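Visitor: Could you take me through this one? I'll ask as we go.

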Amino acid sequence: MFLFLYKKTDLKDVIKTPFTCENLTMNQPNQLPVWKSLVKHHSHMAHVHMRDLFKADPGRFKRYSITLDDILFDYSKNRITDETLALLLELAKASHLEEKRDDMFLGKRINLTENRAVLHTALRNRSNHPVLLDGQDVMPDVNRVLDSMRVFTQKVRSGEWTGFTGKKVTDVVNIGIGGSDLGPRMVVKALTPYTDPTLRVHFISNVDEADLVETLRPLDPETTLFCVASKTFTTLETMTNAHSAKDWLLAKLKDPAAIAKHFVAISTNIEKVSAFGIDQQNVFEFWDWVGGRYSIWSSIGLPIALGIGMDAFESMLAGAHRVDQHFRTAPLEQNIPVLMGLLGIWYDNFFRADAYAILPYDQYLEFLSSYLQQGDMESNGKTVDLDGDPVSYSTGPIIFGQPGTNGQHAFYQLMHQGSALIPSDFLAAVESHNQRTEHHDLLISNFIAQTEALMIGKTTAEAKAELIAQGTTLTGEALDDLAAAKTFAGNRPSNSFLYQRLTPQTLGSLIALYEHKIFVQGTVWHINSFDQMGVELGKQLAKTIQEEIESRNLSKPHDASTEGLLNRYIANK
């Protein structure tokens, strides 16, 4: 038993304060000499303004930007110098990042708590070089499922596959949750210009009946195809929605034989799929080495392939594979995911930045922030390290965001003038998929201007001079107060991703960059980025509470608040 005593203070300060018990921290990064060097370096950099860094170095953009195919990664607007980068790269090496990266690609069981390999990279291995898991090449199985997806999607998109009454499918409804929903939902929206307008793709995830009812309301059972995505075919929310969707279908089509023509499954549990009424020929397999939030590259991507076609889906795989090659082979100092991850650690662990904003200036990327929120926070939201010891430093910032320019009228105020430091990523395309050039020019103007404003800020003297130039009648204290309100500290860090166009290949590359960033940070933090034990407790308790609601009897003791809520609900149900 360990007892930790500390003064009442901010929770983040407690988490970041190293414990004194050496056996708890022997493998943790804040015990490395380079971490201590970074602490010392931060004490200097905390007082350095990026304005001055840019003035002192006209070549800063060129030195601190990297191009990968059509993607420009500009990280020059960060509170870093060459010394910062050298120390961060030393931290990566001291954390054995290169060796652990190779372990992942080689199929070693790096998901230690579940004793699983982590091979989402094999799903997009367009080189088709063997990938061994316990001595067995997984690529034949991967290719077999891709071939099955191609055959099926071509049948549906061409009209060869028809519903029970012989009508062509016009609407596909994906039923899943978490990674089985967020990934396909995000990609289908992102690649809207590549979809077939005669085959609409919809998504149901929330167990709230409103999600199901409102999605199905305008649809016709005779022309609707459901994809039920659940590895075990037991996920409570997904199966509740799937059974209700089956009831909706049979209410019109009557014959249970219709299920086989209107439902397909993405699952490994053939027995339960068959019991549901789905033909075994229409079950698309994936494997336990595919984590939910990394699964869009697998058959979980079936609704994507139905929406954009298999060629475009495989183009997305190719974009991700290109990043895999870059991550695996590029020197650390020229490696985009490595730099993304290390910069995030720099702010999270040394500047105590608790949040990180993902800001796509592209309405098609409406769901990107939510998707990456799950990918990052479910992966690295951990307080126990790989040795089972409590971590003594921050892991996993809060990820949030929404498309620009909407976010500018929501939370950017806090980013510009709030007391919290919030690093951010900005993403935009040079070319729009649409024709109104003036809209896109305005969009990109805001994209670039926001990164400049966050970096450069505005001094009180500049604000006062601007007010006077505008002809203000204020003087004295009133002028000083207004100038103070219009002061921006600046020095707020950001990365910019500028790519030619949001194509399937580019989107695949962007997603893979963030996946590997998450891996880099988890490796340095010495945590398992590939389990998600934190989602289980609420599910377990929900089962008990559901039984109590159905029986109207509180069979197990609860705290006073939980009992009060339950009694109120049961009494008024």
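Visitor: What volume does the second largest pocket have?
Guide: The second largest pocket comes to about 420 Å³. This is a predicted model, where local features need pLDDT of at least 70, side-chain atom pairs count only at pLDDT 80 or more, and totals for chains, interfaces and linings use all residues. Residues are numbered from 1 along each chain as its sequence is written, and side-chain values use heavy atoms, with hydrogens and water left out.

Visitor: How are pocket and volume defined?
Guide: On a 1 Å grid over the protein atoms alone, a pocket is an open set of points with protein on both sides within 12 Å along at least five of seven lines, a cavity is a set where a 1.4 Å probe fits but cannot get out, and lining residues have an atom within 4 Å of a point. Points are joined across faces, edges and corners, and the volume is the space filled by probe spheres set on them.

Visitor: Which residues lie nearest the centre of the second largest pocket?
Guide: Q363, S432, N434, H440 and L443, out of 18 lining residues. Helix α20 (residues 437–456) gives the most to that lining, with four residues. Helices here are DSSP runs of H or I with at least four residues, numbered from the N terminus.

Visitor: And how does that lining divide by residue type?
Guide: Into six nonpolar, nine polar and three charged. Ala, Val, Leu, Ile, Met, Phe, Trp, Tyr, Cys and Pro count as nonpolar, Asp, Glu, Lys and Arg as charged, and the others, Gly among them, as polar.

Visitor: Now the largest pocket. How much space lies in it?
Guide: About 1,100 Å³. It has 39 lining residues, and T235, Q532, V535, E536 and K539 are the closest to its centre.

Visitor: Which of its residues are buried?
Guide: T238, M239, N241, A242, A245, K246, L249 and L253. They cover an arc of only 160° around the axis, so they sit on the same side of α12; the arc is that of the directions from the helix axis to the C-beta atoms. On the other side, D247 and A251 are exposed. Buried means under 20% relative accessible area, exposed over 50%, and partly exposed in between, with a 1.4 Å probe and protein chains only.

Visitor: Last one, cavities. How many are of 30 Å³ or more?
Guide: Three. About 60 Å³ of space lies in the largest cavity, and α23 gives the most to its lining, with four residues.

Terms used: Helices (H or I, at least four residues) and strands (E, at least two) are DSSP runs, numbered from the N terminus.
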